[in-house]
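Below is a short briefing on one protein model.

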Amino acid sequence: EGTRTYTFTYTDCEGNSHAWTYTYTIERNDFTIPADTGSTVACIADATEPTAPSVTDNCGNALTPSAAVEGGTYDGCEGTRTYTFTYTDCEGNSHDWVYTYTIERNDFTMPENAGKTIACASQLAEPTLPEVKDACGNVLAPIGDPVISETPECEGDVTYTYTYTDCEGNSHDWTYTYT
């Protein structure tokens, strides 16, 4: 910003001289940036730093943004992850551009139920549990003790039911059946 002057000197035939000056006052106008944007992802690992958009000042000069500042409300399961880039021109006009990821944990898939046939009730034992992972690949442990059905007097089924729940509250049972 500042001024730019053009001075013209007029001289008559006698040598009288006068200057006439035209002055431009340069007042940098504010610039505009693209609208904030974002997307929805299932896992925080997918919320990677985006590429900042190209922004120019009011005179067409490219502006370089600040390094991204991470923020948001991500709580270890769901929420948001934001990346804020700040653009500033030579006059001090400044604007933030924010990319917001919404982390919405997807439901997980359980392995197939399992079981086996045994000859006697004395062979009943807690089964080996399958590896169960949430939709982001985190290993889940069953919640609490298994629910075990009553043992029949002679023949029949005995089930061991385990409940798995992820951080978002998605819950599924896995059942092992002894016949």
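Cys167 is partly exposed, with 45% of its relative accessible area; buried means under 20% relative accessible area, exposed over 50%, and partly exposed in between (1.4 Å probe, protein chains only). This is a predicted model, in which local features need pLDDT of at least 70 and side-chain atom pairs count only at pLDDT 80 or more, while totals for chains, interfaces and linings use all residues. Residues are numbered from 1 along each chain as its sequence is written, and side-chain values use heavy atoms, with hydrogens and water left out.

**Disulfide of Cys77 and Cys167**

- Cys167 forms a disulfide with Cys77, the sulfur atoms being 2.0 Å apart; a disulfide here is a pair of cysteine sulfur atoms within 2.5 Å.
- Cys77 sits in the loop between strand E6 (69–71) and strand E7 (79–88), and Cys167 in the loop between strand E13 (158–165) and strand E14 (171–178), so the bond ties together parts that are 90 residues apart in sequence.
- Strands (E, at least two residues) and helices (H or I, at least four) are DSSP runs, numbered from the N terminus.
- The link of Cys77 and Cys167 is right-handed, with 80° about the S-S bond.
- Cys77 is buried, at a relative accessible area of 7%.

**Disulfide of Cys43 and Cys136**

- The structure holds two disulfides, and one of them joins Cys43 to Cys136 with an S to S distance of 1.9 Å.
- This pair links distant parts of the chain, 93 residues apart: Cys43 is in the loop between strand E3 (37–41) and strand E4 (55–56), and Cys136 is in the loop between strand E10 (132–133) and strand E11 (139–140).
- Why is the disulfide of Cys43 and Cys136 left-handed? The torsion about its S-S bond is about -100°, so it is classed that way.
- Cys43 is buried, with a relative accessible area of 10%, whereas Cys136 is partly exposed at 25%.
- Counting bonded cysteines along the chain, the disulfides follow the pattern 1-3, 2-4.

**Other cysteines**

- The closest cysteine sulfur to that of Cys90 belongs to Cys59, and at 7.4 Å it is too far for a bond.
- Cys90 is exposed, with a relative accessible area of 61%.
- Cys13 also counts as exposed, at 88% relative accessibility.

**Largest pocket**

- The largest pocket has a volume of about 180 Å³, where volume is the space filled by probe spheres set on grid points joined across faces, edges and corners.
- A pocket is an open set of points on a 1 Å grid over the protein atoms alone, where a 1.4 Å probe fits, with protein on both sides within 12 Å along at least five of seven lines; lining residues have an atom within 4 Å of a point.
- The lining has 14 residues, and those nearest the centre are Ile118, Cys154, Glu155, Gly156 and Thr179.
- By class, the lining divides into nine nonpolar, four polar and one charged; Ala, Val, Leu, Ile, Met, Phe, Trp, Tyr, Cys and Pro count as nonpolar, Asp, Glu, Lys and Arg as charged, and the others, Gly among them, as polar.

**Two aspartates**

- Asp134 lies in the loop between E10 and E11 and is buried, with a relative accessible area of 8%.
- The side chains of Asp134 and Arg105 are joined by a polar contact of 2.7 Å; such a contact is a pair of N or O atoms within 3.5 Å, where within protein one must be able to donate a hydrogen and the other to accept it, and residues adjacent in sequence count only if both atoms are side-chain atoms.
- Not counting residues up to four places away in sequence, Asp134 touches Arg105, Phe108, Leu140 and Asp166, contact meaning heavy atoms within 4.5 Å.
- Asp173 is in strand E14 and is partly exposed, with a relative accessible area of 45%.
- The side chain of Asp173 makes a polar contact of 2.7 Å with the side chain of Thr163.

- Thr11, in strand E1 (residues 2–11), is exposed at a relative accessible area of 52%.
- The side chains of Thr11 and Ser17 make a polar contact of 3.4 Å.
- Thr11 and Gly169 are 158 residues apart along the chain, and their C-alpha atoms are separated by 89 Å.
- Pro50, in the loop between E3 and E4, counts as buried at 14% relative accessibility.
- Leaving out residues up to four places away in sequence, Pro50 touches Tyr83, Phe85 and Tyr99.
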